[in-house]
Amino acid sequence: MLVWVLYKIDPRKVWTYAEHANGWLLFVTVVLATLTFPVRTIRWRLILRDAKGERFPITPLWHATTIGFMANNLLPARAGEVARAYVASGQLPVRFTTALGSIAVERVFDALVMLALMAVAIAAPSFPAHAQVGGRSLSTIAASTAVLFGAFLLVALLIANRPTPWLVLVERIARRVLPVRAADRVLHASDGIVEGLAVLKSPARSAGAVFWSLVLWITNAAAFAICFRAFGLAVPLEAALLLQGIIGFGVALPSTPSFLGIFEAATLVTLQLYGVESSLAVSYALTYHLTTFLPITLLGLWSLTRLHIRLRELSTAAKAGTA
């Protein structure tokens with residue numbers, strides 16, 4: 001996808017546009033984009049609790065968050081999601097599968113909030129009429145995705161509030177098709193996942209998770225919008241809501257480290273809907289991607305040194321955890 005993006009642009013124009021971007025507005029962009037990670041940590045602390053339902057201290061969760069997103073930037077296949085759960089389970093009295101289940105809950109909240117914000121952009125008068133991606137209208141894609149993640153949330157709610165039937169079903173299938181040792185592992189993992197979904201049993205905590213998800217994605221959209229102005233893009237501010245949604249779903253599947261190529265292609269496609277010239281759109285995408293890549297990567301590496309964890313250990317743990 002990166003080759004496809006670069007094939008469509010003039011490299012000299014891309015460099016020129018980046019050179020003339022407003023440096024102060026780029027600085028504000030990077031600050032806002034980096035602020036989303038403390039917000040993620042606050043939300044995760046609300047979702048993930050110990051066996052007694054008590055909150056964990058913020059510092060271990062912060063280290064796990066920075067290391068996880070650093071790993072997403074440096075390792076392939078979204079290894080950072082597994083790495084984040086691995087670090088949390090090593091620093092806190094919580095099972096790996098419980099931490100991973102809480103991250104899955106985060107992703108469902110993320111998807112639904114991003115879709116709601118995308119709907120605002122699609123409903124705005126500035127939205128390009130008949131806009132399509134891959135031959136399908138954006139409104140149809142957004143509606144289909146909302147139904148899919150709504151179904152995920154419904155299933156998660158059922159499992160969280162009535163876990164016994166689900167656990168019995170998993171046990172029957174595991175005992176029937178797997179060796180004893182493997183079946184035991186699956187059942188242990190299933191218990192951990194149920195614990196990770198516990199936030200869905202509390203309306204107050206679920207509402208808090210929705211609130212912090214809104215704060216997270218509005219802050220993230222503000223970073224995109226300010227970067228529009230840094231590059232002098234003549235696009236409405238609400239286009240940032242659409243852009244982050246398309247990027248968010250574009251990078252949802254396991255892909256390259258830092259989603260290189262996927263991020264640029266999603267940005268190019270979105271900005272072209274608003275009539276932005278290809279070279280300018282790619283200059284925007286590459287500059288935003290590089291400048292926001294650095295702070296969280298450096299913060300994650302610093303957390304690695306604080307916890308005395310090596311990147312190779314993290315990569316090995318991520319592969320084992322995925323398995």
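1. Glu 106 has a relative accessibility of 0%, so this residue counts as buried. The cut-off for buried is under 20% relative accessible area. Note that the model is a predicted one. Glu 106 sits in helix H6. Which residues is Glu 106 in contact with, leaving aside its neighbours within four places in sequence? They are Arg 40, Arg 43, Trp 44, Ile 47 and Arg 84.

2. Next, the largest nonpolar core. This core holds 52 residues. Seven names deserve a look: Phe 224, Phe 228, Phe 231, Leu 233, Leu 242, Tyr 284 and Tyr 288 touch the most other members. Several helices each supply at least two residues: H3 (23-47), H6 (96-123), H10 (203-230), H11 (239-250), H12 (262-273) and H13. Which helix gives the most to this core? That is H10, with nine residues. As background, nonpolar side chains in soluble globular proteins tend to be buried together.

3. Take Leu 233, one of the core residues that touch the most other members. Set aside its neighbours within four places in sequence, and Leu 233 is in contact with Phe 228, Leu 271, Val 276, Leu 280 and Tyr 284. Of these, Phe 228 and Tyr 284 are also among the core members with the most such contacts.

4. Another core lies apart from the largest one. It has 22 residues, including Trp 44, Leu 48, Ala 88 and Ala 99. Trp 44 has come up already: it is in contact with Glu 106.

5. Now the surface. Six leucines form a nonpolar patch there: Leu 74, Leu 290, Leu 294, Leu 298, Leu 301 and Leu 311. Together they have about 490 Å² of accessible area.

6. Is Leu 294 buried or partly exposed? Its relative accessibility is 41%, so Leu 294 counts as partly exposed.

7. Last, His 188. This residue is placed in helix H9, residues 180-196. His 188 has a relative accessible area of 46%, so it is partly exposed. Leaving aside neighbours within four places in sequence, His 188 is in contact with Arg 95 and Thr 97. His 188 and Thr 97 are 91 residues apart along the chain, yet 8.5 Å separates their C-alpha atoms.

Methods
Residues are numbered from 1 along each chain as its sequence is written. This is a predicted model: local features need pLDDT of at least 70, side-chain atom pairs count only at pLDDT 80 or more; totals for chains, interfaces and linings use all residues. Side-chain values use heavy atoms; hydrogens and water are left out. Patches are made of residues with over 30% relative accessible area and no salt bridge: like charges are joined within 9 Å, nonpolar side chains (Val, Leu, Ile, Met, Phe, Trp, Tyr) within 5 Å. Accessible areas come from the Shrake-Rupley method with a 1.4 Å probe; for residues, only the protein chains shown count as cover. A salt bridge is a side-chain nitrogen of Lys or Arg within 4 Å of a carboxyl oxygen of Asp or Glu. Buried means under 20% relative accessible area, exposed over 50%, partly exposed in between (1.4 Å probe, protein chains only). Helices (H or I, at least four residues) and strands (E, at least two) are DSSP runs, numbered from the N terminus. Contact means heavy atoms within 4.5 Å. A nonpolar core is a set of buried Ala, Val, Leu, Ile, Met, Phe, Trp, Tyr and Cys residues joined through side-chain atoms within 4.5 Å.
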